Amino acid sequence: MNSVWISRLLVFMSALPRVLCGADSNSLCKSNRPELDLQSVIDNLIQQQRKLCTYQCLTNEEKNSVKALKNQVENVTNLLFHPPLIYNNKKYVISKVTYQSSDEAMTYCTAFGGYLAEVDDKNEYAALQKFVVSTPGVDMVLIAGTDASKEGTWKFQRTLAPMPVLDWCAGQPDDRNVEDCMTLWKSYGTKMNDIGCDFRSADYRFMCELPKVN
């Protein structure tokens, strides 16, 4: 553990009032959906990265501070996401909040050190399907996948690598009204469905793939 982790956690925690309740951190949240100022978080992280000290070892007091901050971040994660799935040394979480666009969903995931869940093989796909089925109150869950650059050629947004697993709901993908993003749809066998990247619905959620927290 080094000073990079401490700096990032401190900046992240200082920005939490804006993430959870908007600019006025003294007021109660007016809705169940958090307002985001994640660009400010990212900018602050970059500034802190440039000012990092060069110490390689932490004192016991610093180690205790890191542990406390990690616990606070975990508590915030629990506010925003359903209980996680741990699979193959990765952590997957499904949001309790909706999203305005796939870009916003990816920003949420990035803020927690991850990205939209990527289906890399059939075993992972089966695990994520079971995860969606076992998570209450969700039906359509956004995951990584887009064919925005070429219709019918599905890639991961993060790496632009071709998706190795495609398993569509019956009649999908249909690209109705330009549908270039992907969800898992519980009501239709928890298989893949194409959806508009900017489509909004109070019922839709997203899934992040995060580094496992030991």
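Visitor: Which side chain does the side chain of glutamine 100 make a polar contact with?

Guide: Heads-up: this is a predicted model, so local features need pLDDT of at least 70, side-chain atom pairs count only at pLDDT 80 or more, and totals for chains, interfaces and linings use all residues. Residues are numbered from 1 along each chain as its sequence is written, and side-chain values use heavy atoms, leaving out hydrogens and water. A polar contact is a pair of N or O atoms within 3.5 Å; within protein, one must be able to donate a hydrogen and the other to accept it, and residues adjacent in sequence count only if both atoms are side-chain atoms. At 3.0 Å, the partner of glutamine 100 is arginine 200.

Visitor: How far apart in space are glutamine 100 and arginine 200, C-alpha to C-alpha?

Guide: Glutamine 100 sits in the loop between β2 (90-94) and α4 (102-111); helices (H or I, at least four residues) and strands (E, at least two) are DSSP runs, numbered from the N terminus. Along the sequence, 100 residues separate glutamine 100 from arginine 200, but in space the C-alpha distance is 5.6 Å.

Visitor: What is the relative accessible area of glutamine 100?

Guide: Buried means under 20% relative accessible area, exposed over 50%, and partly exposed in between (1.4 Å probe, protein chains only). Glutamine 100 counts as partly exposed because its value is 25%.

Visitor: And glutamate 124: which side chain does its side chain make a polar contact with?

Guide: Glutamate 124 belongs to helix α5 (residues 122-134), and it is buried. At 2.5 Å, its side chain's polar contact is with the side chain of tyrosine 92.

Note on methods
Lys and Arg count as positive and Asp and Glu as negative; His and the chain ends are not counted. A salt bridge is a side-chain nitrogen of Lys or Arg within 4 Å of a carboxyl oxygen of Asp or Glu.
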